[in-house]
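Hi,

Here is the structure I promised to pass on.

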Amino acid sequence: MAATVTPGLVDINSTLAYQNVPTAATGMVLTSTGLVLTNNHVVEGETGTKATVISTGRTYQTKVLGVDPSADVALLQLRGATGLRTVHIGNSATAALGTAIAAIGNAGGTGGAPTVTTGSITALDRTIEASDSGTGADAETLHGMLQTNAPIAEGDSGGAWANSAGQVIGMTTAALTQNLGSPGTSQGYAVPINKALAIARQIAAGHASSSVIIGSTGFIGVGVANVGQASSCLASNGLGYHPPVSAGALVCRALPGTPAVRAGLAAG
C-alpha cells in the first residue's frame, strides 16, 4: 500500500506568522503539474507555505487555489512543478466496515519517509466536531466522515488512507484529542476521497459557492471579542476601560503590518 502511495505525497510546512505557530502536515499530488489536495485547517491563516515532494526531496512554494472549510478541504498549486508522480485514486463509495486501510502521512511533522499505520474502517458517515489544537481555530462540524482504528498523529492531516490495492479512498482530517508528541490515537477520521475530489475539481474550475472559497481567504488582522468580554480583552492590552456600546465585536488588538493597522483600527 505505502510503496504505491508514497511517491504521490508531499510534506507541507506552513507558517502562521501572526500567531508565531509553525505547522506541519501532508498533501496528495493530483496532477503532474502540481495540484495538491490537503485540509483547509492546514493552510487556514497561513502566511507562507512550502511543500516538499517526498520521493525527490524538492521543495516548492505553494499557492492556495481555494478551500471548503465546511468539508476541511483545500487545493494547492506547487509553483513551477512539472513531471510529478500522483497518487492512485480509488472509490470511497466501496468503503465498508472492516475494510483494511493504511494511513500514510507526515506523523509528528518530522518530514522524510512517511509514517505508515494500519487498521480498518470502524464506522461510516460520522459527524464530528474538529478543531486545530495548534492554532486554536474554532471547531468545525464535519459530516460524512470515515472512521478508523489505525493510529493517527499530528502531521498526518491531508495524508492518504489507502486500500489493499494501494488506492486512496480517504484524506486524513482529524483524530481523537491527543497530547503533542504522542504517537497517535486509534480513532481517526477522513474525508471520503470522492467528496474531497469533487470539491477539488470545483476549486480548480474556479467555481465559488456558499461553501467553496476561491483563492486565499480574506485577512484583516484584528483580534476580536464579544463586548461582554471587554474588561479582560482590553486589560490584556493595557486598556482599563469599557467600550461605550453594549453589543457587537470589540477590537482587542490589531496585528502589526496588517490591513487593520493601515486602516487605523486599534484595540478598543
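A123 sits opposite Q147 in β9. That strand, β9, is joined to β8 in the antiparallel sense over six bridges (strands count as paired if DSSP finds at least two bridges between them). Strands here are DSSP E runs of at least two residues and helices are H or I runs of at least four, both numbered from the N terminus.

Before I go on, the ground rules: this is a predicted model, with local features needing pLDDT of at least 70 and side-chain atom pairs counting only at pLDDT 80 or more, while totals for chains, interfaces and linings use all residues. Residues are numbered from 1 along each chain as its sequence is written, and side-chain values use heavy atoms, leaving out hydrogens and water.

Back to the strands. β8 (residues 115-130) also pairs with β7 (residues 100-105), again antiparallel and over six bridges. Along that pairing, A100 has S120 as its bridge partner, and I104 stands opposite V116. Both pairings belong to a barrel that six strands close in the order β7-β8-β9-β12-β11-β10, with antiparallel pairing. From one strand to the next, the twist averages 55°.

Then there is helix α3, which lies across β9 (140-148), β11 (168-175) and β12 (188-192) and runs at about 50° to β12. For that angle, axes are lines fitted to C-alpha atoms, for helices over the stretch in contact, and angles go from 0 to 180 degrees between N-to-C directions.

I199 and V67 are 132 residues apart along the chain, yet their C-alpha atoms are separated by 8.4 Å. I199 is buried, at a relative accessible area of 8% (buried is under 20%, exposed over 50%, partly exposed in between, with a 1.4 Å probe and protein chains only).

Last, the packing. The largest nonpolar core has 30 residues, and V5, L9, M28, L37 and V73 have the most contacts inside it. Helix α3 (residues 193-204) gives the most to this core, with six residues. A core here is a set of buried Ala, Val, Leu, Ile, Met, Phe, Trp, Tyr and Cys residues joined through side-chain atoms within 4.5 Å. A second, separate core of 17 residues includes I12, A25, V36 and A81.

Cheers

Technical notes. Contact means heavy atoms within 4.5 Å.
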